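Here is a friendly walk through one protein model, written to be read with the viewer open. Could you take me from the overall fold to the surroundings of the ligand?

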Amino acid sequence: MILGIGVDIVDIQRIKASLERFGGSFASKLFTDHEIAYCEAKAFPAQHYAARFAAKEAFSKAIATGWAGSFRWKDVEVVNDAQGKPSFRLHGPTADQYGARSIMLSLTHTDTSAAAFVIIQE
Ligand SMILES: CC(C)(COP(=O)(O)OP(=O)(O)OC[C@H]1O[C@@H](n2cnc3c(N)ncnc32)[C@H](O)[C@@H]1OP(=O)(O)O)[C@@H](O)C(=O)NCCC(=O)NCCS
């Protein structure tokens, strides 16, 4: 049974501007070391940061509570398998609450926008 869905679209230029303005402090506030290493290894890091930002927002929509409660950016980490397929690795209270659920994530990005779609199943 599907418990929730969430979708989000992010303007890559907005993320790029924040990365340039605030440097590492912006990235390290929102993204785990693993996510930062993944994005920085790519030709256009802002696309991948934006996709991960969209993924965290889409997750917050799928669980219906949004940013209320104990939701923390870095507790919702995006990881990719050997084929590149993304999924969530949850931490902290979010893992306690949703770690046992089946959660599906899909990401996409163009030069200007990144989007994420999330399905949470029982
Ligand atoms: C999956 C695939 C169709 C995406 O192509 P695309 O249109 O260029 O990509 P989009 O811009 O729409 O989406 C990119 C996102 O797709 C996701 N993705 C990549 N590979 C994926 C896969 N095998 N399954 C599901 N999603 C995948 C990633 O989340 C990626 O974003 P990220 O790198 O920031 O995490 C393409 O990469 C493909 O055919 N891959 C096959 C597997 C492969 O060749 N892997 C190579 C590494 S071993």
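First, some ground rules. This is a predicted model, in which local features need pLDDT of at least 70 and side-chain atom pairs count only at pLDDT 80 or more, while totals for chains, interfaces and linings use all residues. Residues are numbered from 1 along each chain as its sequence is written. Helices (H or I, at least four residues) and strands (E, at least two) are DSSP runs, numbered from the N terminus.

Let us start with the sheet. Three strands form an open sheet in the order E1-E5-E4, with antiparallel pairing; two strands pair if DSSP finds at least two bridges between them. Its edge strands are E1 (2–11) and E4, each of which pairs on one side only. On average, neighbouring strands of this sheet are turned by 10° against each other, direction ignored. Axes here are lines fitted to C-alpha atoms, for helices over the stretch in contact, and angles run from 0 to 180 degrees between N-to-C directions.

Now look along strand E4 (residues 102–109). Eight antiparallel bridges pair E4 with strand E5 (residues 113–121), and a hairpin of three residues joins E4 to E5. In E4, the covered face has Ile 103, Leu 105, Leu 107 and His 109, whereas Ser 102, Met 104, Ser 106 and Thr 108 make up the uncovered one.

A second pair of strands is worth a look. Strand E2 (residues 76–80) and strand E3 (residues 86–90) run antiparallel and are joined by five bridges, with Val 76 partnered by Leu 90 in E3. E2 and E3 form a hairpin with five residues between them, and Gly 84 in the turn has a positive phi of about 100°.

Next come the helices. Helix H1 (residues 12–22) lies across E1, E4 and E5, running at about 70° to E1. Helix H4 also packs on the sheet, touching E1, E4 and E5, and its direction makes about 145° with that of E1. Contact between two residues requires their C-beta atoms, placed from the backbone, to lie within 7 Å. H4 has 18 residues and reaches 26 Å from its first C-alpha to its last, close to the 26 Å expected at 1.5 Å a residue; that expected span is 1.5 Å times one less than the number of residues. Of the 18 residues in H4, 16 are buried. A residue is buried if 20 or more other C-beta atoms lie within 10 Å of its own, exposed if 12 or fewer, and partly exposed in between, with C-beta atoms placed from the backbone.

H4 has a helical partner too. Helix H3 (residues 33–40) packs against H4 at an angle of about 145°, with their axes 8 Å apart. From H3, Glu 35, Tyr 38, Cys 39 and Glu 40 meet Pro 45, His 48, Tyr 49 and Arg 52 in H4.

Where does the ligand sit? The residues around the ligand are His 48, Ala 51, Asn 80, Ala 82, Gln 83, Gly 84, Lys 85, Pro 86, Leu 107, Thr 108 and His 109; a residue is near a molecule if its C-beta atom, placed from the backbone, lies within 6 Å of it. H4 (45–62) and E4 each supply at least two residues of this shell, and E4 gives the most, with three.

Finally, consider two single residues. Is Leu 107 buried or exposed? Leu 107 counts as buried because it has 22 C-beta neighbours inside 10 Å. Not counting residues up to four places away in sequence, Leu 107 touches Ala 51, Ala 55, Pro 86 and Ala 116. His 34, in helix H3, counts as partly exposed because it has 14 C-beta neighbours inside 10 Å. Leaving aside neighbours within four places in sequence, His 34 is in contact with Glu 77 and Val 79. The C-alpha atoms of His 34 and Val 79 are separated by 7.8 Å, although these residues are 45 apart along the chain.
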